[in-house]
Amino acid sequence: MQSMGQGMSLRWLLAASFINSFAFGFIWPLTSVYLYNELYQTLVTIGWVMMANAVGQAIGSIVSGRLFDQFKPYRLIQFGVLAMIVLQVAFIIWHGWPTYAVILTLVGFFGGWLTAAINAYGTQVRSHDGRFVFNMLYFMSNFGMVFSTALVGPIYPFGITWLFLLALILYVVLFFIVHTKFRINLANYSREQQTTKIALPKWNLLLIYAGISGLVILWISYAQWQGNVSVYMNSVLKLPLWQYSMLWTINGILIAIIQLGMNALNLSANRRSMFIQIFAGIIMFGLSFLVLPFSHHFMGFALAMIITTIGEATAFPMIPALVNELTPLTLKGRYQGLTAAAPSVGRAVGPLVGGFIIQQQGYNALFYAASALTFVAFIGVLTSIVLGYRRTVRYEEN
């Protein structure tokens, strides 16, 4: 067991983040294509299934985050990994309709559970600045996706069962890492939580919820890449599936390059740089959707993905880092749970709204709407930070 003074080991936390995303990457990237081509479901039905999965992730993140502040985090994350192992076995046995959708919803719940737990453990790292920790967590999460998405395309033709088997093996490895490396001593932290109730200052709450709301909106747009764009490329434009898979490989590699570069330049330790990353990243993210209406071949989609990734890699990791800075030790689990739930809420709403817009107006209308929505998020986040950040209380990491 690590001592209280040491806190959580960043090395093992990053390893857990990598393996968790590596395993999960064998499940979600081809969900829309599998439901559409193999289980013969409509886009609207696919939207409901993706919504159920994402709602499960949101609920799992919120529950896990709140429990982190009240119970033994080690037991919580261990339980989450065990549940994912059981669900991969269920996927191997039952992956027809509608069983696939039911299991996918449960996978979403425990996937959100694990993401929130890993983020909350990130607040317990004392060897590095919080912005560096969350940058690296985001980097490792996407680095895991590089490997899984690169493998999904070639493996999928042999049967989706092989993907679930690989995910099962990875979650077993993750269980052993959690069992041996995550049992840190939080006894003093627990007593403080039980005896002290801290009310966050109103400007802290305003900025936290502005950041979380902005993240939800961004993920409503981002969800189109993960669902409707795959159907658009494969079934409308008749582009091969490996090209869609390659887009996510580009995404993961570029995120790795950008974030390693930022860490090498020590940009993550600079508070002003954090705000520049948030504002510029959201703008780039919104501009990327304006490229998609003119994309009919792989190079067009690759360009749009590169612009998307630049925005994502700079803005997305800084929002949980900002939330970490604005929350005291006894509330970090709760608000990291909410932050981890934000992408899931966006993924819940995004495919359903996207499917509706496509049926009514077509794919081009969807891309323009996603861009407009992103700029709404930019205005909201910019306004709240400019007006409120100076009035907030910033909590030192203990």
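The lining of the second largest cavity has seven nonpolar, two polar and no charged residues by class. This cavity has a volume of about 40 Å³. The model is predicted, and it holds two cavities of 30 Å³ or more.

**Second largest cavity**
- Its lining residues are Leu207, Ala210, Gly211, Ile278, Ile319, Leu322, Val381, Ser384 and Ile385.
- Two or more of the lining residues come from each of H9, helix H14 (318-325) and helix H16 (363-388).

**Largest cavity**
- The volume here is about 890 Å³.
- Lining it are 41 residues, with Thr115, Ser141, Trp219, Pro343 and Arg347 nearest the centre.
- Elements giving two or more residues include H1, helix H3 (43-68), H5 and helix H15 (332-361).
- H6 gives the most, with seven residues.
- By class, the lining has 22 nonpolar, 17 polar and two charged residues.

**Nonpolar core**
- The largest nonpolar core has 135 residues. Tyr100, Tyr121, Phe182, Trp225, Leu247 and Phe316 touch the most other members.
- Helix H5 (residues 99-122) supplies the largest share of this core, 13 residues.
- Beyond four places in sequence, Tyr100 touches Ile27, Thr31, Tyr34, Leu35, Leu39, Phe91, His95, Ile160 and Phe164.

**Helix H7**
- H7 (residues 160-181) has 22 residues and reaches 32 Å from first C-alpha to last, close to the 32 Å expected.
- Its buried residues include Ile160, Phe164, Tyr171 and Phe175.
- Among the elements covering the buried residues of H7 are H5, helix H4 (73-93) and helix H6 (130-155).

**Serine 230**
- Ser230 lies in helix H10 (residues 228-236).
- Ser230 counts as buried because its relative accessibility is 1%, and buried means under 20%.
- Outside four places in sequence, Ser230 contacts Ser32, Val33, Trp225 and Tyr244.

Conventions:
Residues are numbered from 1 along each chain as its sequence is written. This is a predicted model: local features need pLDDT of at least 70, side-chain atom pairs count only at pLDDT 80 or more; totals for chains, interfaces and linings use all residues. Side-chain values use heavy atoms; hydrogens and water are left out. A nonpolar core is a set of buried Ala, Val, Leu, Ile, Met, Phe, Trp, Tyr and Cys residues joined through side-chain atoms within 4.5 Å. Buried means under 20% relative accessible area, exposed over 50%, partly exposed in between (1.4 Å probe, protein chains only). Helices (H or I, at least four residues) and strands (E, at least two) are DSSP runs, numbered from the N terminus. Contact means heavy atoms within 4.5 Å. The expected span of a helix is 1.5 Å times one less than its number of residues. On a 1 Å grid over the protein atoms alone, a cavity is a set of points where a 1.4 Å probe fits but cannot get out, and a pocket is an open set with protein on both sides within 12 Å along at least five of seven lines; lining residues have an atom within 4 Å of a point. Grid points are joined across faces, edges and corners, and a volume is the space filled by probe spheres set on the points. Ala, Val, Leu, Ile, Met, Phe, Trp, Tyr, Cys and Pro count as nonpolar, Asp, Glu, Lys and Arg as charged, and the others, Gly among them, as polar.
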